[in-house]
Amino acid sequence: MDVADRIAAELDDLHADESSPGMAAVALDLAKAIDGTDAPTAKAVAARELRSIMADLRRLAPVETKGDAVDDILGDREERRAKLRALPAAGE
């Protein structure tokens, strides 16, 4: 897997096309430039710029919320409440 493929995968994970499409395009171009040259100086310059842009994109990426134990407990509580609401009332 080359640099451009790895950067493209990370850009997808960061949803960079939605939050910063211009910066995402520049990052991908820089990655392709790294893959397309054998000149060490050109690779170093492109890598430095790519690292900077990727750091900015990571900061701008939307925060993903992943479930934890508290979310699981809240989900279980909501399920129990929904089941209780579905039961007929005692006086009916």
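At 42% relative accessibility, Glu78 counts as partly exposed. The class is set by cut-offs: buried means under 20% relative accessible area, exposed means over 50%, and partly exposed lies in between (1.4 Å probe, protein chains only). The areas come from the Shrake-Rupley method with a 1.4 Å probe, and for residues only the protein chains shown count as cover. The model is predicted, so local features need pLDDT of at least 70 and side-chain atom pairs count only at pLDDT 80 or more, while totals for chains, interfaces and linings use all residues. Residues are numbered from 1 along each chain as its sequence is written, and side-chain values use heavy atoms, with hydrogens and water left out.

Glu78 has a charged partner. Its side chain meets that of Arg81 in a salt bridge, at 3.9 Å from N to O. A salt bridge here is a side-chain nitrogen of Lys or Arg within 4 Å of a carboxyl oxygen of Asp or Glu. Side chains of opposite charge can pair when their charged atoms come close. Glu78 and Arg81 both lie in helix α5. They are three residues apart, about one turn of the helix. Helices are DSSP runs (H or I, at least four residues), strands are also DSSP runs (E, at least two), and both are numbered from the N terminus. Arg81 is partly exposed, because its relative accessible area is 41%.

The search of the whole structure finds three salt bridges. Another of them joins Asp56 to Arg59. The closest N and O atoms of this pair are 2.2 Å apart. Both residues lie in helix α4. Three residues separate them in position, about one turn of the helix. Asp56 is partly exposed at 27% relative accessibility. Arg59 is exposed, with a relative accessible area of 62%.

Glu10 and Arg58 also form a salt bridge. Their closest N and O atoms are 2.6 Å apart. This pair links distant parts of the chain. Glu10 sits in helix α1 (residues 3-14), and Arg58 sits in helix α4 (residues 40-60), 48 residues apart. Glu10 counts as partly exposed because its relative accessibility is 24%. Arg58 counts as partly exposed at 42%.

Ala9 is also placed in helix α1. With 35% relative accessibility, Ala9 counts as partly exposed. The C-alpha atoms of Ala9 and Arg58 are separated by 13 Å. Along the chain, Ala9 and Arg58 are 49 residues apart.

The loops were examined next. His15 is found in the loop between α1 and α2. His15 has a positive phi of about 55°, although it is not a glycine. At 34% relative accessibility, His15 counts as partly exposed. Ser20 lies in the loop between α2 (16-19) and α3 (21-35). Ser20 is buried, because its relative accessible area is 10%.

Ser20 touches Leu57 and Leu60, not counting residues up to four places away in sequence. Contact means heavy atoms within 4.5 Å. Leu60 is found in helix α4. Leaving aside its neighbours within four places in sequence, Leu60 is in contact with Ser19, Ser20 and Met23. Leu60 counts as partly exposed at 47% relative accessibility.

Asp68, Asp71, Asp72, Asp76 and Glu79 gather in a patch of negative charge on the surface. Patches are made of residues with over 30% relative accessible area and no salt bridge; like charges are joined within 9 Å, and nonpolar side chains (Val, Leu, Ile, Met, Phe, Trp, Tyr) within 5 Å. Lys and Arg count as positive and Asp and Glu as negative, while His and the chain ends are not counted. The place of a charge is taken as NZ of Lys, CZ of Arg, CG of Asp or CD of Glu.

Asp71, one of the patch residues, is found in helix α5 (residues 69-86). At 40% relative accessibility, Asp71 counts as partly exposed. The C-alpha atoms of Thr41 and Asp71 are separated by 50 Å. These two residues are 30 residues apart along the chain. Thr41 is placed in helix α4 and counts as exposed at 61% relative accessibility. Asp72 is another member of the patch. The C-alpha atoms of Leu60 and Asp72 are separated by 28 Å, with the residues 12 apart along the chain.
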